[in-house]
Amino acid sequence: MKIISFEKKIVCCLLVLAGLTGCSGGQSLPDLTSVTGSVMLDGSPLPSANVLFQPQQGKTAFAMTDENGKFELMYNQDSTGATPGSYTVKISKEKNPEEPGNELLPAKYNEKSTLSADVKADQENDFQFDLTSK
């Protein structure tokens, strides 16, 4: 049985979402607010990590951290931001993307996330996630 990595599942989901967005027939976007932040692991920036903001209802916003661990959420492939509201935040990064199942981060940051964020309209939404490898 082939195991598909969490990161690859995310990429597949994002591609499907992007495809569905492209077929939306020009629907208008909801009110979006800018969401930025950074991810640190054991005190150092965490590059190339997947960041998902999942609401209880509605569309998941996504990002990938840069070399400095910084990110800016995307609502879809063309629009930055997220809708205001409460989110469960999931952060994942594989040690080696070529080898599925090598998640670098503990499950409490992704599959069983304990991270959360409240995105507020008309305010600065800059979130700092200080993670530990244990």
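**Aromatic contacts in a predicted model**

Me: Let's start with the lysine: which ring does Lys59 lie over, and at what distance from the ring centre?
Reply: This is a predicted model, so keep that in mind. A charge counts as sitting over a ring if NZ of Lys is within 6 Å of the ring centre and within 35 degrees of the ring normal. Lys59 lies over the face of Tyr75, and its distance from the ring centre is 5.2 Å.

Me: How many aromatic pairs turn up in the whole structure?
Reply: Rings pair if their centres lie within 6.5 Å. Searching the whole structure on that basis, the count of aromatic pairs comes to 6.

Me: Phe53 and Phe127: what do we call the geometry of that pair?
Reply: The ring centres are 5.8 Å apart, with the planes at 55°. Planes under 30 degrees apart count as stacked and over 60 as edge-to-face.

Me: Is Phe127 buried or exposed?
Reply: Buried means under 20% relative accessible area. Phe127 has 16%, so the label is buried.

Me: What about Phe71 and Phe129, which kind of pair do they form?
Reply: Their centres are 6.4 Å apart, with 25° between the planes. Under 30 degrees counts as stacked. So Phe71 and Phe129 are stacked.

Definitions and conventions. Residues are numbered from 1 along each chain as its sequence is written. This is a predicted model: local features need pLDDT of at least 70, side-chain atom pairs count only at pLDDT 80 or more; totals for chains, interfaces and linings use all residues. Side-chain values use heavy atoms; hydrogens and water are left out. Buried means under 20% relative accessible area, exposed over 50%, partly exposed in between (1.4 Å probe, protein chains only).
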